[in-house]
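Hi,

Here is the structure I promised to pass on. Have a look at it first, and then read my notes below.

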Amino acid sequence: MNIKQQTIEKSVSVSGVGLHTGVSATMTFVPAPINHGYKFQRIDLEGQPIVNADVDNVVDVSRGTTLEQNGARVYTVEHTLAALVGLQIDNVLIQLDGPEPPIMDGSSIKFVEALKEAGIIEQNASRNYFEISEPVRYINAEKDIEMVALPLNDYRLTVMVDYNSQVISSQHASLNDLTTFSREIASCRTFCFLHELEALYKANLIKGGDLTNAIVIVDRDVEEGELDYLSQLLNKPTIGVNKKVGILNNLELHYPNEMARHKLLDVVGDLALVGRPIKGQILAARPGHAANVALAKKIKKLMESSKSPVPHFDPKMPPVMDLKRICELLPHRYPFLMIDKIVYMDENSVAGLKNVTMNEPFFTGHFPNNPVMPGVLQMEAMAQTGAILALSSQSDPENYWPFLAAIENCRFRRNVVPGDTVIFKCEFTAPIKRGIVKMHGAGYVAGQLVCEADMTASLVRKK
């Protein structure tokens, strides 16, 4: 899975009719800055309101997931979001001149193709993963639905569908590697059963549905007159039944288990509403949009209850910035280079790591019989971490000197000793103005706060 956040290189558009509203619309994917996430914008409405792709904004799950915010609705967002998650794109503004993304062929493949055409570029910030720390379950006993998110240092999904149908047997689908989404999942189309078709039309749904953008499963015997009626309903000249596979109009399936794969696609899109990329194992038996959204709400609740000021560090992951890159930015060298690597960085915050060993030169004379890392050097390490953030905010960081100007509200909570791994976190407390940098810094060992301070620094252009 990607370490850095990604957006697209240029804007790209797709056009078509919405599945449920039947309204034609153009959807434009627009590059977005770090930590922007996924946002829809209804450019056809007054004020061009923004609708955040957030599970708290879900207002309807009738055969699709509908969002509403700021007086604007966006219908059937799951296929669009699935394409973005599948390509590991983090930051995109999705502009719509109508109420619903185009259904295209009923899958995500056209969106995937458009996004690839736009180009995917890496951004200078870490992906803010949420790692499932404990099992999260959703069960609907009445509908025999069960979904669970389990801890895993990856993102994998397995889906089972079973409709008690003579035509479509129990099916399974899995996604064990996000890089295969485009090839194995994205082209799988939405579907419904014949007995649902007329009811969906009468319920004012699938106004934009036809036999080119949805699979219709024939789950009962059909009379000739009924086929004529359905052809008028769907505005098609003729309708036939492919009895071999049990679907209307002789449509060829992409995969024998295309229905299960599409349900997996829907799960990927709906779980994007958590708001952060997920690390976990998702198991879903007979899922639907209501169940997907319910699980997403439970995951988001766990995410919010798990928020901690302590930066997460996974030693198995490559650093955001290694020692070589740190030396390219900072002028410090042995014995005053105090940071070993940068493990997290976005536009407002940074986390650096210091491994404290008995071989540090200052232990020779600083409490040699009871080695304690000097507080002033803890501040130096914190300041160097903050300097990385300040310099990285400049377009030409190599042309600046970072000078510490002031330290306030400094506190030391416990001793730092050999064997400790200190994670320093610094974040801006105000925008940089005229080269003046203000930030708050804190150091943590094993999740415990060991020091903190408010710092002011000055970025001075080299002559």
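How many residues lie between β12 and β13 in their hairpin, and which residue in the turn has a positive phi? There are 4 residues between the two strands, and Asp144 is the one, with a phi of about 60 degrees.

Before the rest, some housekeeping. This is a predicted model, where local features need pLDDT of at least 70 and side-chain atom pairs count only at pLDDT 80 or more, while totals for chains, interfaces and linings use all residues. Residues are numbered from 1 along each chain as its sequence is written, and side-chain values use heavy atoms, with hydrogens and water left out. Helices (H or I, at least four residues) and strands (E, at least two) are DSSP runs, numbered from the N terminus, and two strands pair if DSSP finds at least two bridges between them.

Strand β12 (residues 136-140) runs antiparallel to β13 (residues 145-150), with 5 bridges joining them, and Arg137 sits opposite Val148 in β13. β13 also pairs with β20 (residues 278-285), again in the antiparallel sense and over 5 bridges; there Leu150 stands opposite Gln281.

Then there is an open sheet of 5 strands, in the order β2-β3-β9-β4-β5 and with mixed pairing. β2 (12-17) and β5 (50-52) are at the edges with a single partner strand each, so one side of each has no neighbour in the sheet. On average, neighbouring strands here are turned by 25 degrees against each other, direction ignored. (Axes are lines fitted to C-alpha atoms, for helices over the stretch in contact, and angles run from 0 to 180 degrees between N-to-C directions.) Inside the sheet, β4 (residues 38-42) and β9 (residues 92-96) run parallel, joined by 5 bridges, and Lys39 is opposite Leu93 in β9.

Helix α1 (residues 78-86) touches β3 (24-31), β4 and β9, and its direction makes about 145 degrees with that of β4. Helix α2 (residues 109-118) touches β2 and β3, at about 160 degrees to the direction of β2.

On to the charges. The structure holds 16 salt bridges, each a side-chain nitrogen of Lys or Arg within 4 Å of a carboxyl oxygen of Asp or Glu. For burial, I use buried for under 20% relative accessible area, exposed for over 50% and partly exposed for in between (1.4 Å probe, protein chains only). Some that I looked at:

- Asp44 and Arg42 meet at 2.8 Å, N to O; Asp44 is partly exposed at 36%, whereas Arg42 is buried at 7%.
- Lys110 and Glu113 have their closest N and O atoms 4.0 Å apart. Both lie in α2, 3 residues apart, about one turn of the helix.
- Glu452 and Arg413 meet at 2.5 Å, N to O. This pair links distant parts of the chain, with Glu452 in β26 (residues 448-461) and Arg413 in the loop between β23 and β24 (421-428), 39 residues apart. Glu452 counts as buried at 17%, while Arg413 is partly exposed at 48%.
- Asp54, Asp56 and Lys300 are linked in a network of salt bridges.

Cheers

Terms used: Contact means heavy atoms within 4.5 Å.
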